[in-house]
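Here is a friendly walk through one protein chain, from its overall layout down to a few individual side chains. Keep the structure open beside you as you read.

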Amino acid sequence: QTFHNIELIVVDDGSTDQSKEKVMHCFSENQSTIRTYYYYQENQGPSAARNFGVKQAKGKYIALLDADDLYHPEKIEKQVRDLECNPHIDITYNDIQVVDVNLHKLNILRSEGNFPNRETFLANLLFRQIIPAPAGIMLRRECFQKVTYNTNLVYAEDYDFLIRLAELFNFGYEPGTFYICR
């Protein structure tokens, strides 16, 4: 990442494939300066893993990354700048690049645009999924103090999370394909 003040929280939700060793090897081999913390928990699902990881985080902003996905090198820098330059925005989102297992580009999923009015944004979000990848958002830490992932949901937990966030917070759109979804 071009932004360097990063804390990486890895939550292993019950894997059985030596994930800890793989994560730690990757960061030690690359001599990364990213502060990396690894936590293991018995399998509880993505909502519980995300909620746990956020509780461990110390940063001003929170961004999520699913294990099989990637960030464009400028994602964090652009989203931090978006939040810093727009104090009325609580959450920022972007377009996504869809790739195959070999990282060959398959498609771009674009947002339907920026909806600066909270009510308009929420109405559009209820009508259709206007955020291409919920995992691609970055939000202020304070948002998680009022809204967390619903651990009772097995499917569409990220969509439910976005709807509940949209009821309370303002979203902003940062154009560009900064989240890479495998």
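## Overall layout

In this predicted model, the elements of the protein chain run β-α-β-α-β-β-α-β-β-α-β-α-α-β from the N terminus on. The chain is as compact as a globular protein of its length, because its radius of gyration is 16 Å, close to the 16 Å that the globule rule gives for 182 residues. In total, the secondary structure comes to six helices and eight strands. Along its principal axes, the C-alpha trace spans about 45 × 35 × 30 Å.

Of the 182 residues, 43% are buried. If you look at contacts between residues at least 6 apart in sequence, 72% of them join residues at least 24 apart. The accessible surface of the chain comes to about 10300 Å², and carbon and sulfur atoms account for 53% of this. As for charge, there are 19 positive and 25 negative side chains, and the centres of the two sets lie 5 Å apart.

Which residues of helix 6 are buried? In this helix, residues 157–166, they are E157, F161, L162, I163, L165 and A166.

The loop between helix 6 and strand 8 holds N170. Is N170 buried or exposed? Its relative accessible area is 18%, which is under the 20% cut-off, so N170 counts as buried. Leaving aside residues up to four places away in sequence, N170 touches H88, I89, D90, I91 and R118. With R118, one of these neighbours, N170 also makes a side-chain polar contact.

Now move to S15, in the loop between strand 1 (7–13) and helix 1 (19–29). S15 is partly exposed, with a relative accessible area of 25%. Its side chain makes polar contacts with those of D12 and D17. Another aspartate, D69, is 54 residues away from S15 along the chain, and the C-alpha atoms of S15 and D69 are separated by 17 Å.

| Side-chain pair | Polar contact |
|---|---|
| N170 and R118 | 3.2 Å |
| S15 and D12 | 2.7 Å |
| S15 and D17 | 3.4 Å |

Notes
Residues are numbered from 1 along each chain as its sequence is written. This is a predicted model: local features need pLDDT of at least 70, side-chain atom pairs count only at pLDDT 80 or more; totals for chains, interfaces and linings use all residues. Side-chain values use heavy atoms; hydrogens and water are left out. Helices (H or I, at least four residues) and strands (E, at least two) are DSSP runs, numbered from the N terminus. The radius of gyration is taken over C-alpha atoms; the globule rule is 2.2 Å times the number of residues to the power 0.38. Buried means under 20% relative accessible area, exposed over 50%, partly exposed in between (1.4 Å probe, protein chains only). Contact means heavy atoms within 4.5 Å. Accessible areas come from the Shrake-Rupley method with a 1.4 Å probe; for residues, only the protein chains shown count as cover. Lys and Arg count as positive and Asp and Glu as negative; His and the chain ends are not counted. The place of a charge is taken as NZ of Lys, CZ of Arg, CG of Asp or CD of Glu. A polar contact is a pair of N or O atoms within 3.5 Å; within protein, one must be able to donate a hydrogen and the other to accept it, and residues adjacent in sequence count only if both atoms are side-chain atoms.
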